[in-house]
Every structure is written in C-alpha cells, then in structure tokens.
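Reader: I would like to learn how to read a structure like this one. Can we go through it feature by feature?

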Amino acid sequence: MKRTLLTIALWAASFLTVPLLAQSTADLEKLVNETHRSAGMQHSTLSVCVYNVRQNKPIYSHNAELSMIPASVEKLYTTGVGFARLGSNFRFTTKVSMRGNVDRDGVLHGNIYIMGGGDPLLGSYRYRQTTPDSLFDGWMRAIKRKGVRRIDGRVCYNITIFDEQQLHDTWQWGDVGNYYGAGVSGLNFHENMFFVYFNAGNRLGFPATATSIKPKSLEVHGICEVTTAAETTGDNVTIYGSPTGKERLYRGTVPLGKQNFAVRGAMPNPAKSCADLFSAYLRTHGIGISSNSIQVYTQPDSLRSVVDQYSSEYYTIAQYTNLTSNNIYAESIFKYLGYRKFGIGTFDNGSRAVMDYFKDKGLATGGVRIVDGSGLSRCNATTADFMCRYLNVLSKEDFYDDFVQSLAKVGESGTAKNLLPNLPSGITVRVKTGTMDGVKAYAGYITTARGEILSFCIMSNGHDCSSQEAAAKLNKILYKIATMY
C-alpha cells in the first residue's frame, strides 16, 4: 500500500511539473525577447539553451544553433577534455639533468639541461613551493648532491615538447603584451609574466614612473607613457611587446596617490628567462658557470637525471584555470593534449585533440570551431546547443565531480562570487564566465530546488552596451533559468 501511494505521489508531482515548466519556459522566452530588444542589445546576437541533463533533452532554446564567439567559456572544452585524456591525477614534469664528468674538485665538465614539460606552474609566484627561489633552491641542492661545485659549461634549455609559436595568429596585439595574453612555451616560467611597478604623478594627467620590475634580474627594457588618473580608476595600463623581444611599451593610467602600483606584463621569452635566472641564482649561491645559457633542440645522449620537477595534480590546475579564467594554464593544457596525441604541442594539434574527443563521444560539431584553449581568439566558435550537449556528456564521465568542482559556484567563488546575490536557497549554480569586447557568455550546471540538474549556455555577441550592462541583463536570464523548477 505504501509503495502504491508513493508511486501515485511521484506521478502526481510529475504531472503537475509539466504545466509549471511550460509556464516557466514561456516566462523565460518573454524575458529573453525583452532583453534582446533592450537598449544596447538590439543589434546583438543572443543565444540561450537549457537541457535537462538526466533526460538529455532541451527544455528551452533561443537561437541555440547559431555559431557564436564563446570567449573564456571555451575553457570548458579544454579542461573537460583534459580530465578525459590526462586524468585528474596527471602531473606535468620538468626534467633537470646533467651531462659530462665531475672531477675531484667538483667541477662539472659539461652542461645542465632543463627539459621543459609544459608545466604552467613552474616558478609561479602564487604558491610558496613554486616561487623562483623555492624552485631554484631545490634544483641547486640536487646539483650539489651530485658533487657539483662549479660548472665548466652552461645551462641549456629544451622546449621541443611544444612548438615555438607562443601566440596564436589571431590573438590581438593589445592583448599579447599583457599577462593574460602571454602565450605558452614548452618551458613556462613564472606564469610567463612579470610585474612592473609604477609611482603615480602628483596630479591628474601627470606622468607616472615605472620604478622596478620583478623578477628583479629579468631583461626588460620598458618605455613608459603611463599617466595619472583619478584615485578610483584602478589598473588601466596596456603593455605592448612581442613574445621574444625585450622591449615593452607601457600606456594607459594608474590611480592618483599610488606608489609601487603593480601591473602584470607578458615575460619576454620565458624559457630563456628561466635558464638565465637559474644561471644567475647558481652564481650568487656559490656555483660558478663558465658560459651563458643556450637553447638546444635535441636531447643529448648520456644525460643523468638530477631532479624531476612535478606540477600539482591536474584537478588542481583545472580548478584554478576555470575559477580564475587563467589563459596560460588553459593553453598549456591545450597544447599538452596535442603533444599527448600527436607528438608535439601546437595550436592545431590541440584543436585536433579536442575535436577528436567530441567525435569519440558522438557529438555533432556543426557550428563549432576550436583554435585555441583559452578563448582569447575571436575565431573560436560554438553553439549554445553544442555546449549543453557537451556538458551532458561530461556528466556521465567518471571525472564529472572533479570537473564540476573546477567551476565557480555562484555566491561563493571565483568569477561567480557576486553573480546572483539573491538566489534562493536550495539552488546551486556552477558556471564558467566569458568576456571580451562585445562578448558575454555563461555556461555550466544548475541543480534546481527540486533536485533536477540542468546544463545551460547563454551568449551575447555584438552588444553595444558596456560589459557590466550586458552582464546585468544576462544575469536576469540566468536567474530565471535557475528558478524554473
């Protein structure tokens, strides 16, 4: 009798949900249409798609088959396929080796070799154990344990795990001199970025001064055209420069009253910078080196291992990639996927690796184009419907829980901390956001108050309003989706 009553109750609940959902989708359609007609959005392309994950069926669709620029929502493809192909516990490995003989006086007649492994965390300033000093101290101690007290040779570095094209052809010049457009190398270092510190002028419009950089011994020749703006303006500095050149042009403004105001720029030639700075570290800590560092393109015979430097586990890297929308981490994963499948990490091979995963999962890819791993390129394209179908596929994978944890939780973390401040209790939204000029996008999962799991994607391309205004409009749509059930 109890089982019969439970069955009837469940049937009644599902029966009642159908008209409620129909009304909710009608209300959502009204809101989407109003948004599309609103100021700043009339000439844009607005796309919205929502799927019931368990049923793998769409419950709402608006322009969901249109091909759109996803911006950083692209990282969902990179990190998800990374979980699938590399595994949650994968670690990048940088190998430090030596070649030559060590005589009785502790002189290595040969070279030290740094064999890059694509690790985006190598020398990162974010964690105590990965800072340049911590990294170099560990390498130096390992060299000393081999009996080396002086090197009659040089530090060599090898980056051939990836190609030498650090930047994608379609990235914008205004991005690539800044930390978020730094590109990737087979030997990344300090997240391929440096800090430049400014002192503001005494009055509005007065020149600011670039006072120092960090890492301190890095070779950067800066030309400062930065001026002083109002106290509340924040960092409005754009840095221009090529990935291998040492020259950097600083333009824009810093706030009045600021001293040692830090701005992040793209590091010139991070692999060479790593080798040069390690050489300098050895010299200042009592290990002389007779020659300057040099790039090598093959792995010599008879290398002896000094130390294998392992990154954090992949799930930690993926989590940081998505929570903070870190482009360097995303591109390192992307190129490593290309290396793993095709033998060398390139943008084209990364794209092929990601598209192959889609194919293996039976996902039709019409309207989808993957050219990089971070979403910096405006040549990336996806449809909202494809994004939802992809997210549904990931929900069936063994790594799904780790993947979901890598997404920002609305109200709590990352780029979603202040996204929906009045979201009712009992509803969870995990989201990846994307932003560039004229582009705003959200995608992720919603657990509704009734326990249903929805995948969603909302994208706007070509809006005339500000990014903040576009976000406010899309936030209302996301709120409506989250409270549909």
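Predicted model: local features only at pLDDT ≥ 70, side-chain atom pairs only at ≥ 80, totals over all residues.

Reader: What is the strand order in the open sheet of 6 strands?

Author: First, the terms. Helices (H or I, at least four residues) and strands (E, at least two) are DSSP runs, numbered from the N terminus. Two strands pair if DSSP finds at least two bridges between them. Here the order is β2-β1-β19-β18-β17-β16, with antiparallel pairing. β2 (57-62) and β16 (408-409) are the edges; each has a single partner strand, so one side of each lacks a neighbour in the sheet. Strand β1 (residues 45-52) is joined to β2 by 5 bridges. Asn 52 has Lys 57 of β2 as its bridge partner.

Reader: Which strands does helix α11 lie across?

Author: Contact means heavy atoms within 4.5 Å. Axes are lines fitted to C-alpha atoms, for helices over the stretch in contact, and angles run from 0 to 180 degrees between N-to-C directions. Helix α11 (residues 467-482) lies across β1, β17, β18 (439-447) and β19 (453-461). It runs at about 20° to β18.

Reader: What is the order in the open sheet of 3 strands?

Author: That sheet reads β8-β7-β12, again with antiparallel pairing. Its edge strands are β8 (209-214) and β12 (261-266), each pairing on one side only. Neighbouring strands are turned by 30° against each other on average, direction ignored. Between β7 (residues 193-199) and β8 there are 5 bridges. Phe 198 has Ala 210 in β8 as bridge partner.

Reader: How many residues does the largest nonpolar core have?

Author: In soluble globular proteins, nonpolar side chains tend to be buried together. Buried means under 20% relative accessible area, exposed over 50%, partly exposed in between (1.4 Å probe, protein chains only). A nonpolar core is a set of buried Ala, Val, Leu, Ile, Met, Phe, Trp, Tyr and Cys residues joined through side-chain atoms within 4.5 Å. The largest core has 59 residues. Phe 358, Met 387, Tyr 390, Phe 403 and Tyr 445 have the most contacts inside it. Helix α9 (residues 384-394) gives the largest share, 8 residues. A second, separate core of 46 residues includes Val 196, Ala 271, Cys 274 and Phe 278. Back to Phe 358: beyond neighbours within four places in sequence, its contacts include Tyr 77, Phe 386 and Tyr 390.

Reader: Is Asn 349 buried or exposed?

Author: Buried, because its relative accessibility is 9%. Asn 349 sits in helix α8 (residues 347-360). Leaving aside neighbours within four places in sequence, it contacts Gly 338, Phe 342 and Ile 344.

Reader: What covers the buried residues of α6?

Author: The cover includes α2 (75-86), α7, β16 and β17. Among the buried residues of α6 are Tyr 314, Ile 317 and Leu 323. Just after α6, Ser 325 takes a positive phi of about 55°.

Reader: Which residues lie nearest the centre of the largest pocket?

Author: On a 1 Å grid over the protein atoms alone, a pocket is an open set of points with protein on both sides within 12 Å along at least five of seven lines; lining residues have an atom within 4 Å of a point. Tyr 179, Tyr 180, Asn 327, Leu 376 and Thr 435 lie nearest the centre, among 24 lining residues. α6 (314-324), α7 (327-342) and β17 (428-436) each supply at least two of the lining residues.

Methods: Residues numbered from 1 in each chain as written. Heavy atoms only, no water. 1 Å grid on protein atoms, 1.4 Å probe; cavity = no way out; pocket = protein on both sides within 12 Å on 5 of 7 lines; lining within 4 Å.
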